[in-house]
Amino acid sequence: MIKGEKVSLREVRRSDIEYFLKWFNDPEVVQYLGTYLPMTEMWEEKWLEGLADRRETNTNFVIVALDGDGEIPIGSIGLDKINNKDHSATFGITIGDKNYWNRGYGTEAAQLLVDYGFGQLNLHRINSIVYEFNERSRRMHLRVGFTEEGRMREREYRNGRYWDTVMLGILKEEWWTIKNREGQAND
């Protein structure tokens with residue numbers, strides 16, 4: 001478990017399927033994701049069973065809000081396509097519980113995972129993509145330290161039109177600079 005002030009990142013459990021089904025079948029949540037077909041319990045179980053086979057290339061966590069004494073699952077986060085040769089991975093996050101949108105939970109979860117990726121997995125680079133219309137996610141990436149690196153024009157069809165896909169990235173050296181600056185500010 002990776003613990004912050006507002007959230008912790010914990011392993012995915014079979015009991016999380018009920019949350020995934022709720023989140024990944026909510027059109028308001030799914031519009032920001034690469035998936036667009038309704039999620040079934042069978043698909044989620046198959047994905048969960050395959051996690052062990054993808055252990056070398058993917059690391060997935062459930063984001064848990066630390067509210068008082070309770071822990072409330074509010075989303076998922078992970079690094080996919082982990083490439084041990086190039087020391088790179090692709091970042092993904094979903095805050096599925098809309099009660100936790102715009103409250104800093106996603107930002108802290110992202111910071112925890114980026115720190116884990118660079119510190120524990122020895123990554124050199126973490127990539128991410130955001131749909132052009134998902135301004136909240138783009139701002140979160142920039143707060144964490146990602147840099148916008150490019151766009152694929154009109155790559156995704158969502159909500160009745162084509163949108164650009166924004167490509168972002170952060171390098172290990174950039175992350176350590178940010179962490180050191182924040183550490184000095186807290187001293």
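## Terms and overall form

Two parts of a structure are said to be in contact when their heavy atoms lie within 4.5 Å. This report applies that idea to a predicted model.

The secondary structure of the chain consists of six helices and eight strands. The radius of gyration is 16 Å, close to the 16 Å given by the globule rule for 187 residues, so the chain is as compact as a globular protein of that length. Read from the N terminus, the elements follow the order β-β-α-α-α-β-β-β-α-β-α-β-β-α. The C-alpha trace spans about 45 × 45 × 35 Å along its principal axes.

Of the 187 residues, 45% count as buried. Among contacts with a separation of 6 or more, 61% are made by residues 24 or more positions apart.

## The sheet

The eight strands form an open sheet with mixed pairing, in the order β1-β2-β3-β4-β5-β6-β8-β7. Strands β1 (2-3) and β7 (147-158) stand at the edges; each has a single partner strand, so one side of each is left without a neighbour in the sheet.

Strand β7 is joined by eight bridges to β8 (residues 161-171), and the two strands run antiparallel. Within this pair, R151 stands opposite V166 in β8.

An α-helix has 3.6 residues a turn, so residues three or four places apart point the same way. In helix α3 (residues 41-50), the buried residues are E44, L48 and G50. These residues cover an arc of only 165° around the axis, which puts them on the same side of α3.

The face turned away from this buried side carries the exposed residues M42, K46 and E49. The cover over the buried residues of α3 includes helix α1 (17-23).

## Helix α4

Helix α4 (residues 105-119) contains 15 residues. From its first C-alpha to its last it reaches 21 Å, close to the 21 Å expected at 1.5 Å a residue.

Helix α4 is mostly covered, with 11 of its 15 residues buried. Here a residue counts as buried when its relative accessible area is under 20%.

Conventions:
Residues are numbered from 1 along each chain as its sequence is written. This is a predicted model: local features need pLDDT of at least 70, side-chain atom pairs count only at pLDDT 80 or more; totals for chains, interfaces and linings use all residues. Side-chain values use heavy atoms; hydrogens and water are left out. Two strands pair if DSSP finds at least two bridges between them. Helices (H or I, at least four residues) and strands (E, at least two) are DSSP runs, numbered from the N terminus. Buried means under 20% relative accessible area, exposed over 50%, partly exposed in between (1.4 Å probe, protein chains only). The arc is that of the directions from the helix axis to the C-beta atoms. The expected span of a helix is 1.5 Å times one less than its number of residues. The radius of gyration is taken over C-alpha atoms; the globule rule is 2.2 Å times the number of residues to the power 0.38.
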